[in-house]
Amino acid sequence: MSLPPTVIDRLRGRSALVLGSTGFVGRWAAMAAAEAGMRPLLVGRDEARLGALAAALPVASDVILSDLATPGAVRELLRNRQPEVIFNLAGYGVYPFEQDEPRLRRINTELVSELVEFQRAQAGLAPAVLVHAGSAFEYGNVGGNLSESGPAEPTSAYGRTKLAATRYLEAQAATGLPIVVARLFTVYGPGEREGRLLNTLIRAAATADDIPLTAGTQRRDFCYVGDVAEGLLRLAAAVNLRPAQEATVNLATGELLSVREFAEHAASVLGIDPARLKFGALAGRAGEMEHDPVSLERLHLRTGWVPATTPAEGVRRTASAAQSLLAL
């Protein structure tokens, strides 16, 4: 991570509540916040994983056990606490087995209203900055350059519940609350759930077997998780620095690769014979997202930065970090 001094100065010493801190992006956000000199408050359901993360951070941090699926959980965990920045990395429904509709609504949509309620209740204090993780799935299958001000037509329950949260937060931000929605795209790197493409290739590099894959024609914006964590901090530091800021910001690279191209890049880095990549051997998954280029105009205007880790470098970092805490 290479935050400029101006960003670190705005963040150093501030308390950072990280919801979903034991998740993939959440662990990276917690680590990035600690490295920037913030004081993390780690929230999750798994005591052992929370403890391991807290022990690995370079600064002291509080551990808060909480099941965010429970209505009122935010009110309870924030009782007598006044974080200055909130990173909401909690989410549900991105994986095919996460199909519980009440939980989708609770985690992805209803939770944010409790966060805003907390912001408004901070009497006598500047309201906490809220950085909420949105999703590319909010766009659905709309064509053309994906701009935050353009159409959003989600095709999944996950996308619809995430979009509902974004629209609500946009309305709250318009009243002056310090809120930013960072729309994330295809995030990869150490700590991805088992079975994802890069994990599959890294494991296969130690074998000589064929690697069955889908045709991989869908194009994605692949963004290394370390860059995503850095972007979240940069956006937190930049909230309300400019007047009339729009709340929603795409956090991506602006570069598209097909899934096949990404797999071929990874195979080259990992030393996998390309003949072992059997594209089309697996059926594509229903609801697979494909999109056109992603606009980064807002991200660059607000932060003066865009993610720069190349797929080859991201694969190298992921393979070398396979045994680290962030890969657990």
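Student: In which kind of side-chain pairing do Arg 75 and Glu 117 meet?

Tutor: This is a predicted model, in which local features need pLDDT of at least 70 and side-chain atom pairs count only at pLDDT 80 or more, whereas totals for chains, interfaces and linings use all residues. Residues are numbered from 1 along each chain as its sequence is written, and side-chain values use heavy atoms, with hydrogens and water left out. The side chains of Arg 75 and Glu 117 come to 2.8 Å, N to O, and the rule asks for a side-chain nitrogen of Lys or Arg within 4 Å of a carboxyl oxygen of Asp or Glu, so the pairing is a salt bridge.

Student: How many residues apart in sequence are the parts that this pair ties together?

Tutor: Helices (H or I, at least four residues) and strands (E, at least two) are DSSP runs, numbered from the N terminus. Arg 75 lies in helix 4 and Glu 117 in helix 5 (residues 101-121), so the pair ties together parts whose separation in sequence is 42 residues.

Student: Are Arg 183 and Glu 138, which also meet in a salt bridge, buried or exposed?

Tutor: Their side chains meet at 2.9 Å, N to O, and the pair links distant parts of the chain, with Arg 183 in strand 6 (residues 179-184) and Glu 138 in the loop between strand 5 (129-135) and helix 6 (157-173). Buried means under 20% relative accessible area, exposed over 50%, and partly exposed in between (1.4 Å probe, protein chains only). By that scale Arg 183 and Glu 138 are both buried.

Student: Which helix holds both Glu 230 and Arg 234?

Tutor: The side chains of Glu 230 and Arg 234 meet in a salt bridge at 2.9 Å, N to O, and Glu 230 counts as buried at 4% relative accessibility, as does Arg 234 at 8%. The two residues are 4 apart, about one turn of the helix, and the element that holds them both is helix 8 (residues 225-238).

Student: How many of the residues of helix 8 are buried?

Tutor: Helix 8 is largely enclosed by the rest of the structure.

Student: How far apart are the end C-alpha atoms of helix 8?

Tutor: The expected span of a helix is 1.5 Å times one less than its number of residues. For the 14 residues of helix 8 this should give 20 Å, and the end C-alpha atoms agree with it, being apart by 20 Å.

Student: What is the phi of Asn 80, and why is a positive value worth noting?

Tutor: Most residues other than glycine have a negative phi. Asn 80 lies in the loop between helix 4 (73-77) and strand 4 (85-88), and this residue is exposed, with a relative accessible area of 79%. Although Asn 80 is not a glycine, its phi is positive, at about 65 degrees.
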